[in-house]
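Q: I would like to learn how to read a model like this one, feature by feature. Where do we start?

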Amino acid sequence: MKIITRFAPSPTGYIHIGNVRSAIYPYLAARQTGGKFILRIEDTDQARYVPGATELIMDTLRWLGLEWDEGPEVGGPAAPYFQTERKDIYLDWAKKLIAEGKAYADDTPSETIEAYRKADAAAKVPYLYRNHRPDTTKKWQEGMPIRFKSDPKPRTWHDEVMGDMHAGPEVQDDIILIKKDGLPTYNFAHIVDDYLMGVNMVARGVEYLSSTPNYLALYEAFGIDRPLLVSLPHILAPQGNKKLGKRDGAKSVTEYRDDGVLPEAMLNYLACLGWNDGTEQEIYTKDELVKAFSLDRIQNSGARYDEVKLLWLNGQWIRKLVTEQGIDAFYPRTTNFWPETAKSYADSYKKQVLGIIYDRLKTLSDLREMTGYFFADPAFDIDQLLTNKFIKKTGLSESELAALLDTVRTRLEKLPAWTEANLKTILNELLETTGRKPAELFSLIRIAVSFAPFSPALDLTLAVLGRDVSLSRLRRVQSALVSDQQ
RNA sequence: GGUCUCUUAGUAUAACGGUUAGUACAACGGGUUUUCAUCCCGUCAACGCGGGUUCGACUCCCGCAGAGAUCACCA
């Protein structure tokens, strides 16, 4: 079956880790079956509407690579895809129900409704509006809500994730279809839209599970086939048992982009949080996810969000992409992540730096912290050198260290060509002539040229830094050690 | 409170009713003759509790406990 499905967010803010899976899974299902993935903006709540949110949502989907076949910007046969622009359609459908005696206009004031609720609570009976349904029906006019005239009875259905479900009449009520402001409620609008847009699979958070009996009643009232129903368990916050939400500091998906997370890694992580294909594969490309995905293997309990694993996966993806595509192809992705000081440097130089540092990156923004000394002389910190545990181990005084550096520098100056291979040879030779351990000698040189807590292999670092920079930094440290002594 | 759902190591998860309960992240230890990381090897660590069915239960059934969802003119 070709799955026609949709992602239908409300433009009330950004998309975060907790709610993006209701876009990812439908997308995968649609692509797998050669169906359609529709984007529909459910903007019927005027009070919660946030300007710019629609753009934010589209931006997120594009970044993750979840392109939509119908929706804003691309259009489609069921346009428009903003619910406020479809206002008249819902009203027509509601009137149809009124005409058939399956809905009614109801202008009961909210104070009265509140009184019903209180009375029921006092009497310890469940509040159901249908128990207070007015006897006399009014003719609908603008400004009057329309309610569904429910037909409560036992209902059963199948949920692709939760399995076979059933519900009794006690959860079915006269839900509002059209609000006082003339706009439809979600409960009503999505039924109409899904039908008109040919949607045959609906995926949404488990919080809608308990509303499903009311939706079934609506499908029945309209005489339309119900779509495949998919309830997606929540993503849980790192702490506690609450679903991950903005209040728990859930970052927007695009914030991770700005922090140097790759969309491949994000999609991979989120798809596999609460779903697996039964194999032990961990790294999935989008195409592999499309192939392997299946609704019935979605986990039916909530999964906790684990940023550490996301970052691990991101590191895996950085290495995978560099290995598969090469530095040149990967380099453009790093554009916004270099230190300020790198601005004036040529792309070719930055590519060299990337080539020796990429396997240490967890995120692209690590470049900012890890590559400073390639673009500017590092802050001079003689203490960092003297307190380094390997250098301390040598037991050498400052003047002895200076002498050692002098030996190194003099030898390096004689190098006929400043190449990786030559550097490697000479460095190894120096180990023998000086009789120092690798950790000792190399730490001294490494810190003298970088003053960084760690750096790539020494021969590679020196090769990329170049002859002049390397030698002058060694000279600088050497003379500092000497003058410090006096 | 009513209704519904869920429950395997710290986390994400695997396991036709028969396995020493597998894998990954994390943690810890070791190796890859410089650091940090990568990579490789190893260690620690789980079937919520109680009944039942069965020759045999993580798996099926019933209770209990715990967690979650929902009961809007929000979605």
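Predicted model: local features only at pLDDT ≥ 70, side-chain atom pairs only at ≥ 80, totals over all residues.

A: We start with how elements are named: helices and strands are DSSP runs, numbered from the N terminus.

Q: What is the geometry of the peptide bond from Ala79 to Pro80?

A: The bond is cis, with omega near 0°.

Q: How is chain A divided, and how far apart are the centres of domain 1 and domain 3?

A: Domain bounds come from an automatic or database assignment. For chain A they give domain 1 (1–237), domain 2 (326–374) and domain 3 (382–485). Taken over C-alpha atoms, the centres of domain 1 and domain 3 are 68 Å apart.

Q: Which residues come nearest to RNA strand B?

A: There are 63 residues around RNA strand B, and those that come nearest are Tyr186, Ser301, Arg304, Phe454 and Ala457.

Q: Which elements supply the surface near RNA strand B?

A: At least two residues each come from α4 (110–122), β6 (163–167), α5 (186–196), β11 (303–304), α10 (307–325) and α18. The largest share is that of α10, with six residues. Sorted by class, this surface has 26 nonpolar, 19 polar and 18 charged residues.

Q: Take a residue inside α10, such as Asn314. Is Asn314 buried or exposed?

A: Asn314 is buried, as 25 other C-beta atoms lie within 10 Å. Leaving aside residues up to four places away in sequence, Asn314 touches Val261, Leu262, Ala265, Lys362 and Thr363. Arg62 is 252 residues from Asn314 along the chain, and 19 Å separate their C-alpha atoms.

Q: How do I read the packing of two helices?

A: Look at the angle between the axes and the distance between them, then at the residues that meet. The axes of α3 and α5 are 10 Å apart, at an angle of about 95°. Angles of 65 to 115 degrees count as roughly perpendicular, so α3 is roughly perpendicular to α5. Ile89, Tyr90 and Trp93 of α3 make the contact with Phe188, Ala189 and Val192 of α5. By class, that contact has six nonpolar residues, with no polar and no charged ones.

Q: Why do residues three or four places apart in an α-helix point the same way?

A: An α-helix has 3.6 residues a turn, so residues at that spacing point the same way.

Q: Which residues of α5 are buried, and what covers them?

A: The buried residues are Phe188, Ala189, His190, Ile191, Val192, Asp193 and Asp194. Their cover includes α3, β7 (176–178), β8 (201–205) and α6 (212–222). Just after α5, Gly198 takes a positive phi of about 75°.

Q: At what angle do the axes of α12 and α19 cross?

A: Helix α12 (residues 347–357) and α19 have axes that come within 10 Å and cross at roughly 175°. Angles over 145 degrees count as roughly antiparallel, so α12 is roughly antiparallel to α19. Gln352, Val353 and Ile356 in α12 meet Leu460, Thr461 and Val464 in α19. That contact divides into four nonpolar, two polar and no charged residues.

Key. Residues numbered from 1 in each chain as written. Chains lettered and ligands numbered in written order. Near = placed C-beta within 6 Å. Helix = DSSP H or I, 4+ residues; strand = E, 2+ residues; numbered from the N terminus. Nonpolar A, V, L, I, M, F, W, Y, C, P; charged D, E, K, R; others polar. Axes fitted to C-alpha atoms, helices over the stretch in contact; angles between N-to-C directions. Parallel < 35°, antiparallel > 145°, perpendicular 65-115°, else oblique. Contact = placed C-beta atoms within 7 Å. Buried ≥ 20, exposed ≤ 12 C-beta atoms within 10 Å, placed from the backbone.
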